[in-house]
Amino acid sequence: QVQVGESGGGLVETGGSLRLSCEASTRSVNSHAIGWFRQAPGKEHQFVAAINWRGDTTYYADTLKGRFTISRDNAKNTVYLQMNSPQPEDTAVYFCAIDRLPIRKVLTPIPGDYDYWGQGTQVSVSS
């Protein structure tokens, strides 16, 4: 059973920075894209970013492009989400998840296309 765990969340001021990590329990995830999603209170999961299995293709939600950066280190089975200049509306629980299909050619923003979700890490942005 593959497991993923998020870390790095916390309280950050507007304009600061934060780096989230998503570590997988097995190297088998290195052939899968990984996505970051977030969920604010009372709202559904929102796509944030995804990265392909090789780490050379990324896909961002339009509203977050330019402020967030996704990257991965397959040697560490870890995907990162660098959050720069976060805003109060970025406050949410952030989750990572593994794409259901290996070596998918086109990255997907649909939560249903991902399996093995972590427990999430809370990010709170103060103004």
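**Notes on the core and a few loop residues**

1. Let's start with the largest nonpolar core: it has 34 residues, and the members touching the most other members are Leu20, Trp36, Val48, Ile70, Leu81, Met83 and Tyr94. At least two core residues come from each of these strands: S3 (17-24), S4 (32-39), S5 (46-51), S7 (68-73), S8 (78-84), S9 (92-102) and S11 (121-126). Bear in mind that this is a predicted model.

2. Val48 deserves a look of its own. Leaving out residues up to four places away in sequence, Val48 touches Trp36, Phe37, Arg38, Tyr59, Tyr60, Ala61, Leu64, Phe68, Leu81 and Tyr94.

3. Next, Asn77, which sits in the loop between S7 and S8. Its relative accessible area is 13%, so Asn77 counts as buried, the cut-off being under 20%. Skipping residues up to four places away in sequence, the contacts of Asn77 are Cys22, Glu23, Ala24, Thr26, Arg27 and Asn30. Check the backbone here too: phi of Asn77 is near 55°, a positive value in a residue other than glycine.

4. Ser85 is another one for the backbone list, with phi near 50°, again positive in a residue other than glycine. Ser85 lies in the loop between S8 and S9, and at 34% relative accessibility it is classed as partly exposed.

5. Last, Leu101 in strand S9. This leucine is partly exposed, with 44% relative accessibility. Leu101 and Asp113 are 12 residues apart along the chain, and their C-alpha atoms are separated by 8.0 Å.

Conventions
Residues numbered from 1 in each chain as written. Predicted model: local features only at pLDDT ≥ 70, side-chain atom pairs only at ≥ 80, totals over all residues. Heavy atoms only, no water. Core = buried A, V, L, I, M, F, W, Y, C linked by side-chain atoms within 4.5 Å. Buried < 20%, exposed > 50% of the residue type's maximum accessible area, 1.4 Å probe, protein only. Helix = DSSP H or I, 4+ residues; strand = E, 2+ residues; numbered from the N terminus. Contact = heavy atoms within 4.5 Å.
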